[in-house]
Amino acid sequence: MSIFQVKDVFTPTKPARIAFIDREEINEKLVRALEMDGKQLIVYGHSGSGKTTLLANKLHQLYEKHITTRCMKGMTFEQIMLDAFDQLNPYYLVEHTTTKSNNKSISIAGEYRAIRLQLDGSVKNEVSKIEKRILPPQLTAQALGKFLGNTKCCWVIEDFHKIEASEKTKLSQLMKVFMDLSDDYSDLKIVAIGAVDTAREVVECDKEMRNRVAEIHVALMTENEIKNIVEKGEEALNIVIDDDLKSLIARYSNGLASVCHHLCMYMCQAAGIKETCREEIRLTKLHFEDALKYYAEEASDSIKSAFDKALKQRRKTKYQDVNLVLETLCTFGERGASRFDLLKRIHKKEPEYTESNLKNTLQKLTKEDYGSIVRIDETAGLNSFSDPIYRVFALVLFHKNGVSKKLDKDEFSEINDIMKQFFKVLLNQNKKIHK
């Protein structure tokens, strides 16, 4: 029997390997685009939907090597270029000693080292006295493309959505350059990973990219796909999780693989499991309840922060839009509700509330400034909480404040029995959140 560590089976913060689920339809699109010379890729979808895991597993199969640049807010195009250039260093150091007769490779390696010397010796004194490396004139998009192409590296740019619009324009032009270089370097490819609407932003930046970029949407996982993750974990760790408990895990995961991995990992910890069991162990609902408690405790600061941002009074309006929308949204199930159904339920309390008000508020609640509490699934036409814990927190929060009037009997019982005690501390610490 193979022995696996729990932390290697359930991996909420890194790409899954052992419990990886091959999603056939998305997988086929991804492989086709990766194998097509010159085709650049944009992989987009909601945070936690499995974009990085899916791509990491396919790149592992199709590419000998790849480098990854992780974008941060405020990062410039030049910094992104430099990051890729820096990561190529090991390949060119090796090439310096092992290249035999390929004149083209020797020439490119020499060019790389020349630019490296310039970078190592150049700094720019800013007004704030911070020293930054200058991007040498020779390090153009074409030059970077040649360096990557020569090493047969695929370049992954993660969190593409975090950079400013002006920088996205430059990156879309870079993709165009890479496509033009594909005659000489067939493996040359950029894969940009981002949030919903990332692909549209790139196409709008440069209309010529419309037919040159493969836009691959990674949808939320289905209930069966979430259950498949649990089943792979069962097999690897020699544990048993009953079907009704798998359904509960899938329900709370709300289509997000990362939440499923979190809950399963915490369930194993609650049961004292660290690696594959010698004898089969059955996990119970008590372990699941403990897992929810751990998850809530770990997320407590981010939950409070998100609701603080969302409920902050920015200006006086006729309605407390955010409160009204969140209060109504949390009375629907985990999958959320259409805008029509939301408005219909809001009208029971506020008959004159408009659809444009609702639409604008929902859009705001997807933004970081408002805590990114809400997720809009354009494909299914549903609006829901971006994390199931947010929904449960909202249920307890609004009920405690006497706002929610009607809850499903079974749902109310479940909230009281499982979650209310876990959020009691949060609510006590956060009494001013609703003022």
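Hi everyone, let's start with Arg345, which lies over the face of Phe332, 3.8 Å from the ring centre. For a charge to sit over a ring, NZ of Lys or CZ of Arg must be within 6 Å of the ring centre and within 35 degrees of the ring normal. Arg314 has its charged end over the ring of Tyr370, 3.7 Å from the centre.

A quick word on the source: this is a predicted model, where local features need pLDDT of at least 70, side-chain atom pairs count only at pLDDT 80 or more, and totals for chains, interfaces and linings use all residues. Residues are numbered from 1 along each chain as its sequence is written, and side-chain values use heavy atoms, leaving out hydrogens and water.

Now, how many aromatic pairs does the structure hold? There are eight. Rings of Phe, Tyr and Trp (its six-membered ring) pair if their centres lie within 6.5 Å; planes under 30 degrees apart are stacked, over 60 edge-to-face, and the rest tilted. Tyr112 and Phe147 are edge-to-face because their planes stand at 90 degrees, with centres 5.5 Å apart.

Finally, Tyr319 and Tyr353 make an edge-to-face pair, 5.0 Å centre to centre with 80 degrees between planes. Both of these tyrosines, Tyr319 and Tyr353, are buried.

Terms used
Buried means under 20% relative accessible area, exposed over 50%, partly exposed in between (1.4 Å probe, protein chains only).
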